[in-house]
Amino acid sequence: MSDVEAVDVRRAVADDRAAVLDLLALSLGWERGPEFRDFFAWKHEQNPFGQSPGWVAVVEGRVVGFRTFLRWEFEHPDGRLRRAVRAVDTATAPDQQGRGIFRRLTLAAIDDLRREGVDFVFNTPNTKSRPGYLKMGWTQIGRLPAAARVMGPGGARRMLASRVPAERWSLPVAAGVPATELFADARVETLLAHVRHAPGLRTARTTAYLRWRYGHPPLGYRAIAAGGDPASGLVVFRVRRRGKATEVAVSDVLVPDGAASTRVRLLREVARATAADYAIIVGTSSLRARYVPIPRQGPILTWRPLADPSPPPHLHSLDLSLGDVELF
């Protein structure tokens, strides 16, 4: 019997939770403790799009591999609701690497997801993992555009010197209010009813989605409402340390149709209010708000069709924000 044949791959069940969390801590550096148990539950169980399906690899009764996909939904310009998943957390025990466990878990997952009627899977893998995805049928769509507003020469120097991943948890800031507080306001429903329907695929934004996506307190998402009125527009952001730099990541900007000037004001306000070294957004830049495109800095999006065999979309037909692709 070969090494790979000795590995049993199956759907994860509730009884696997403790072993999965231990594996994530061992393989990905997750800390052990209630903070990360709560984080896992928020991320994979409380998502309004549905609980994350997971798969485990087992050797002699021990969980040695884990793979999960975050459920997502998109609105299509033709009115269809597209069911999707994001390829997210995966881990293999250090003593089991090199046995093809990641590949077996991933291929088993996409077969199950296709049978369940999930239309496609998307993610933004890093340089190390991207070749493996491409070998398993993923297509590289392209690099999402990114833009930044730099606050002064010192901010520029620190931004250029901080080419490392941002920290997971946010820095405490006084700017805006906790996102949970703003999204509890009923006026957000009014805003969503008047947000322009983009010509391309976009995340199906509902109050339930927004309250979940930006609602885990330790992640420290903040929000600013235009003129104090969420119905007039809002911006969601968080401030993190990236190396020696302080970065404000603008996750979402939602304004009513025809309120382009409100978007500009919100982008200016979040940059000024946070006093970070720079602010960064993904998607269409706003030169009026002094956010300048930064070449080769946006995440690279990959895609794999599942139940819907349609070819991958073009990059320009996607309406994605940082909140849609941010690693969290």
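This report walks through charged and aromatic side-chain contacts in the structure above.

The model is predicted, so local features need pLDDT of at least 70 and side-chain atom pairs count only at pLDDT 80 or more, while totals for chains, interfaces and linings use all residues. Residues are numbered from 1 along each chain as its sequence is written, and side-chain values use heavy atoms, with hydrogens and water left out.

**Salt bridges**

Let's start with the charged pairs. Side chains of opposite charge can pair when their charged atoms come close. Here a salt bridge means a side-chain nitrogen of Lys or Arg within 4 Å of a carboxyl oxygen of Asp or Glu. The structure holds 24 salt bridges, and the table gives some of them.

| Salt bridge | N to O distance |
|---|---|
| Glu 45 and Arg 17 | 1.9 Å |
| Glu 116 and Arg 71 | 3.4 Å |
| Arg 187 and Asp 229 | 3.5 Å |

Where do Glu 45 and Arg 17 lie? Glu 45 belongs to helix H2 and Arg 17 to helix H1 (residues 17-28), so their bridge ties together parts that are 28 residues apart in sequence. Helices are DSSP runs of H or I with at least four residues, strands are runs of E with at least two, and both are numbered from the N terminus. For exposure, buried means under 20% relative accessible area, exposed means over 50%, and partly exposed lies in between (1.4 Å probe, protein chains only). Glu 45 is partly exposed at 34%, and Arg 17 is partly exposed at 27%.

Glu 116 is partly exposed, with 31% relative accessibility, whereas Arg 71 is buried at 15%.

Arg 187 and Asp 229 also link distant parts of the chain, 42 residues apart. Arg 187 is in helix H7 (residues 187-194), and Asp 229 is in the loop between strand S10 (222-225) and strand S11 (234-242). Arg 187 is partly exposed at 36%, as is Asp 229 at 25%.

Some bridges share partners: Arg 11, Arg 71, Asp 112, Arg 115 and Glu 116 are joined into one network in this way.

**Aromatic pairs**

Now for the rings. There are 23 aromatic pairs in the structure. Rings of Phe, Tyr and Trp (its six-membered ring) pair if their centres lie within 6.5 Å; planes under 30 degrees apart count as stacked, over 60 as edge-to-face and the rest as tilted.

One of these pairs is Phe 39 with Trp 42, which is tilted, at 5.8 Å centre to centre and 35° between the planes. Why are these two separated by about one helical turn? Phe 39 and Trp 42 are three residues apart in helix H2 (residues 34-45). Phe 39 and Trp 42 are buried.

Phe 74 and Phe 122 form an edge-to-face pair, because their ring centres are 5.3 Å apart and their planes stand at 75°. Phe 74 lies in strand S3 (residues 62-75) and Phe 122 in strand S5 (residues 120-123), so this pair ties together parts that are 48 residues apart in sequence. Phe 74 and Phe 122 are both buried.
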